[in-house]
Amino acid sequence: MTKIAIFGVGLIGGSLALCFKGKPGITVVGHSIRESSVAKYVDRGVVDYATTSLREAAEDADFIFLCVPVGNLTQYVRELSELELKPGCIITDVGSTKASVAACARGLGLKGITFIGGHPMAGSERSGVEAASSHLFENAFYVLTPEVGTSDAELGRLTELLKLTKAHIVHVHPEEHDEIVGAISHLPHIIAVALVNQIRRYHASNELYGTLAAGGFRDITRIASSDPVVWRDILVNNRGVLLGLLKDWQEETAHFIEMLEKEDGEGIEQAFMESGQFRSQLPERRKGMIHSIYECYVDVPDHPGIIGRIATELGNSRINLSNIHVIESREDVPGVLRLSFRTQDDLDQAVDKLGENGFSVHY
Ligand SMILES: NC(=O)c1ccc[n+]([C@@H]2O[C@H](COP(=O)([O-])OP(=O)(O)OC[C@H]3O[C@@H](n4cnc5c(N)ncnc54)[C@H](O)[C@@H]3O)[C@@H](O)[C@H]2O)c1
Ligand SMILES: O=C(O)C(=O)C[C@]1(C(=O)O)C=C[C@@H](O)C=C1
């Protein structure tokens, strides 16, 4: 029996657990520091069993996945290195930064066990085990950061196991990872949050800002709803890289200020042309968990029963709703529901159906 221990069964840990659980010869144990979380992991059927005991989860595990916020990773690697782990045990992590955890493991000079850093390039603005999905990693890239001394056999064992995620494994050096992922993931999160907070301030004196915010604003700001603690840790951990990237970002915005001051329409056109060309060349991710792509928003009067009514309308028409999320439910404003579907067809049918039933639906 292969025992896999998952520390932190949230969005990423829970999704990995779902990829492994129920596969022949595999037992998945979840670890949390909180009793209530342990019960939740088991209730939701994400793991075979769960415990708050670090020792019980780790001691006879073949693989240990650290899926806690980046700020807690090195502490776990240190604590695990002090335990009597199963010989050949592989410890890996899923943290969004790689240099610090790799340096920590390297510094410990682990004997009889191996640390291989990891980072699945898939996720969501949602968090917690409630958001976990066995499809999250399908067709995504999954970075591993093996060291010079990592044996091919150990790397092969982890790679073989990760086939269950249906992700594509790539090997990247930890420092190079942090530079690149800083640019394509961490910087965009900062920009999204800064933009939303800028508009939030304008909205405070005129609510039309929020009311009129449409597709463009929503498209660029989805990730501004990401988990504050997870992102605090990522940004603080990768601050060296990010400070450099933010200086470059200031240059980008300064360039726009200059073009606007000079009424340089040609320059603006050129900037849009170049960005559009580059973006269209990016490889398209044929995502397994496509539900987040097919979404619409429904304005709903704030009264009980409306979610049930919408779900029933769609169910009666055999339209498969994959997720429903209440975005705003204060008493003094109309609520907004975000409905997610797995296919464009389901989305189109839902928009028609809800429109026919008098709901105000928008993308
Ligand atoms: N969210 C994403 O899109 C994404 C994508 C790839 C990798 N990651 C990385 O995955 C890791 C987990 O992120 P997530 O999005 O699954 O977050 P999450 O909040 O959904 O899950 C985090 C888990 O860690 C536990 N936890 C929180 N604080 C803890 C602490 N102090 N000690 C022990 N456990 C603690 C939580 O109970 C939860 O089970 C992070 O390192 C993150 O950088 C996130
Ligand atoms: O799709 C999202 O919501 C994500 O934020 C996923 C995302 C990203 O920025 O692409 C976020 C953090 C990760 O470490 C990897 C992937």
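## Model and confidence

pLDDT is the predictor's confidence in each residue, on a scale from 0 to 100. This structure is a predicted model, in which local features need pLDDT of at least 70 and side-chain atom pairs count only at pLDDT 80 or more, while totals for chains, interfaces and linings use all residues. Residues are numbered from 1 along each chain as its sequence is written, and chains are lettered from A and ligands numbered from 1 in the order in which they are written.

The protein has an average pLDDT of 92, and 95% of the residues score at least 70. The model's ipTM is 0.98 and its pTM is 0.83. Over residues 288-292, pLDDT stays under 50. For this segment the model has 16 contacts beyond four places in sequence, a contact being two residues whose C-beta atoms, placed from the backbone, lie within 7 Å. Where pLDDT is low, the predicted coordinates should not be read in detail.

## Domains

The protein is divided into domain 1 (2-172), domain 2 (177-261) and domain 3 (290-362); such bounds come from an automatic or database domain assignment. The C-alpha centres of domain 1 and domain 2 are 29 Å apart. Their contact takes 14 residues from domain 1 and 15 residues from domain 2.

On the side of domain 1 that touches domain 2, the elements giving two or more residues are H4, helix H5 (99-108) and strand E7 (141-145). Helices (H or I, at least four residues) and strands (E, at least two) are DSSP runs, numbered from the N terminus.

Strand E1 (residues 2-7) runs parallel to strand E2 (residues 26-31), joined by 6 bridges; strands pair if DSSP finds at least two bridges between them. Within this pair, Lys3 stands opposite Thr27 in E2. E1 also runs parallel to strand E4 (residues 63-66), with 4 bridges, and Ile64 in E4 is the bridge partner of Ala5.
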